[in-house]
Amino acid sequence: MTQYGFYIDSSKCTGCKTCQLSCKDYKDLDVDINYRRIYEYAGGSWQADGDTWQPSIFSYYLSIACNHCAAPACVPVCPSGAMHKRSEDGLVVVDTDTCIGCKSCAMACPYGAPQYSARKGHMTKCDGCYERVAEGLKPVCVESCPLRALDFAPMEELHERYGNLAEVAPLPSASLTGPSIVIKPNRNARPVGDTTGSLANPKEV
Amino acid sequence: MENESSNSLFHKAFNLDISRRDVLKTGSAGTLALAAGSIPLPFVSTGASAQTASATAAEERVVWSACTVNCGSRCPLRMHVRDGEITWVETDNTGLDEYGNHQVRACLRGRSMRRRVYNPDRLKYPMKRVGARGEGKFARISWDEAYQLLADNLKRIIAEYGNEAVYLNYGTGTLGGTVTKSWPPASSLVARLMNLCGGYLNHYGDYSTAQIAAGLNYTYGGWAAGNSVSDIANTRLLVMFGNNPAETRMSGGGIVYHLEEARQRSDARMIVIDPRYSDTAGGREDEWVPIRPGTDAALVAGLAHVLISENLVDQPFLDRYCVGYDERTLPEGAPANGHYKAYILGDGPDGIAKTPAWASRITGIPSRRIVQLAREIGSTKPCYIVQGWGPQRHANGELISRAIAMLAILTGNVGINGGNSGAREGGYSIPFERFPTLENPVDTSISMFTWTDAIARGPEMTATRDGVRGKDKLDVPIKFIWNYASNCLVNQHSEINRTHEILSDEDLCEMIVVIDNHMTSSARYADLLLPDLTTSEQMDFAMDANAGNMNYLIFADQVIEPLFECKSVYEMCSEIAARMGVGEAFTEGRTQEEWLRHLLAQNRRRDPDLPDFEAFREMGIYKRQNPNGFFVAYRDFRADPEANPLTTSSGKIEIYSEALAKIAAEWELEESDVIDPLPIHASTFEGWDSPDRARYPLQLIGFHCKSRTHSTYGNVALLKAAVRQEMWINPIDAQSRGIVNGDSVEIFNDRGRVHIAAKVTPRILPGVVALSEGAWYAPNRHGTDQAGSINVLTTQRPSPLAKGNPSHTNLVEVNKA
């Protein structure tokens, strides 16, 4: 099986959210559904020195969709079998005709990928644009990125080109689900479990 | 921000449209009834991917269009259309996307164009005001009635007051268009119409660049050019003063992309000087230097002190190319020790040496960092020193813009590859002759920022006090306003509560015509509302991007039929021209498409490489690299200053400006306003050192919201949710006020009150709060804005020389709401 995955260059990412909005346009998503979420992680402090200030602060962005994990937490908890991992490309997809909208997958996923659509009455999530991929295109988000900070390819290729990093704060440990992602860290990146910063935009993700 | 009356109109229209278009299969009627509030797409709800699966769906067409708003970039959009509806928005997908022949990729806003076209706020048919002005009560009228009402009032006002009583307000909603071009207003179809009818009161300057345009005019002569952003590939050190392309020029063919590509090539160190830890920094900077707003000129003076003291200035450059650096090039009429070197070393009139310690106290930057910075800048060649337009948008912004340029001048980085003039980055553009708008018979001009004064007290405004040009004083107040593709009537002009008072008096300005797509806060103040087509509903050419070494033209074809009763600005102006008796002269017998064909044919005669109409239409985007490589500002002047003088009066770079010395002596200025022949630092009203900080301790600055271009796209629900409107505040200032992240806060000063959520973030200097400009003003019944519209808090007091908007010079207090 070919396992496809995303490359995320956090050193280039300016948090512009074009990936998120191009996806929302293409997939016609409602306001509260984000297949791709852009996490702003920031922290640090300021020291006063007389009339002056010295910052010791950081921030960076991480654009995360579904990571189409090797061991997806959402699949085994699905009571209807709607959530499944495709054998041909490794993408994790919900069969919307079967899904009963119980939200078990949403509770199990440590990345917040599956989201319930009240309008549609079932779970929804990033499907890796598998129809586009089958046509030889990349997912809409990847082709939209103004800074060319996203890529999508078989994981073997991504590992060869970009290495093996699949976790930085505020993501959970990659050991939980084996996310099919490779991250190029921002210079400001902090390790998983970091407590010196916090998620700066909780209402935007 | 929508008013109730207009919403109810839209609700009615929805229901009609929903039944007509039969999209009920995608949701219950109840869901659709909520569309105005929660679902931003009232007309079509089947997504692209859902339609792909539908075997019965009609064939999909792809039509090239564009996003023509005022971000400084300009993007092609590939509209996917089915059954006459836009189903999704793609962008440039041509070629292999290799830098230099790269794809011009639209940002999140362009990708959301569908939600702007099918927006519940769309103006649907002509309307006239029936309530008090600004109340938002309108009645639907026919186009014929609208044209007649407009022409009757225009004739009456011209007859009664003369053409100088007619004003074309600043508006940049469609500045990237050709037929639809809204800025500069003198290049718009409204100007062509008015020029055939005796003319109108001109304005100069703009809300983006008033102070830098006025200031650097005296340094370099005219609009100060900058090296191409692509030329950063040739530099060793990049120093950014308040320049933030990641939040202002976000296109994938625009400045932020060029910056990144160029830096990958040069590996130049990047120093970002900004009160905010911007997204341009964000881990890409080598050093972030937070600075108090309005103090950049003090930082430069401190840097200059080190450069001069440590012999790091380029003395041969200063001697040959500049006026007024030291006694050697000081003009004869200038006072002794009136030169720059004396000002810096403390030998000038104020007797203060501008040491790093002096600058440190003002800027909030530690002295040792100023010294290090000066040594790095002084010893690294070439050095690309560039300013964004935030530093100059202050009450002392003319001086600041000149001071930042001074750093490039002192170090001799002007006119060379990898250097810069200290002005904003430049680039390459493809020359293209536009729609002829004819000559304005009226010479009189005011600063674009002073139009509210020209309504309230026009005949009191003079040349030497208010910057009136072309005449010693205004003779008549503004009585008629054309407000085309502009939210500057209310939202984007400073001090909204004062504007409201002035516009509310219907005896002052007698007629306000708003031509726009949506019920903006400005549209609410119209007497006559004319619904315009979006770019998707008409044919146009889009251009004028800031795009480094590769520029482009976009064929923005008509994608869908006009919605509702909307008409193009070309048709509107043609009909009004006919009623003014100049119909034939206005159209010259051409339709909109015939004009586009005509303009392209004309341009092809001059530039045969341009594609013909049909080829251009097919390719959608025509790209061209700068045939001369990297653009270097003032390269010819540097090569031979005698043969290629600047357009300043001396022909040289004027560090000391005799013209400014004369203005400083002659103009009537308000207390604390400073015009100076040298690029000095000056304190201002509501600055960091103002006594008013006892009452209003926080400096408030604006910035650009990534989900809007100024106010455009500000009514798209998906974008509002993607980047929330929030006031940035440092944890130190938040903690002392009991504010935690996400709290609702009140921001206030003597001019107004705003309620908005706080973003408590270490990414801003203590003592400073920031609110992105452009949120759609939404007052509650007490007049407190609920949207986070910064212009409730900004002032209409203009800057001294440009008479421009000091949008970032504000003092406020913030409380938990």
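Start in chain B by colouring domain 2 and domain 3: 21 residues of domain 2 are in contact with 21 residues of domain 3. Here, "in contact" means that C-beta atoms, placed from the backbone, lie within 7 Å. You're looking at a predicted model, where local features need pLDDT of at least 70 and side-chain atom pairs count only at pLDDT 80 or more, while totals for chains, interfaces and linings use all residues. Residues are numbered from 1 along each chain as its sequence is written, and chains are lettered from A and ligands numbered from 1 in the order in which they are written.

Next, pick helix H7 (210-220) of chain B. H7(B) gives four residues, the largest share of the side of domain 2 that touches domain 3. Helices (H or I, at least four residues) and strands (E, at least two) are DSSP runs, numbered from the N terminus.

Now hop to strands E23 (residues 744-749) and E24 (residues 752-760) of chain B. They pair in the antiparallel sense over six bridges; pairing takes at least two DSSP bridges. Find Glu746(B), and its bridge partner in E24(B) is His755(B). Which kind of link joins E23(B) to E24(B)? It's a hairpin, through two residues.

Finally, show E22 (residues 726-729) of chain B, which pairs with E24(B) in the parallel sense over four bridges. There, Ile729(B) has Val760(B) as its bridge partner.

Key:
Contact = placed C-beta atoms within 7 Å.
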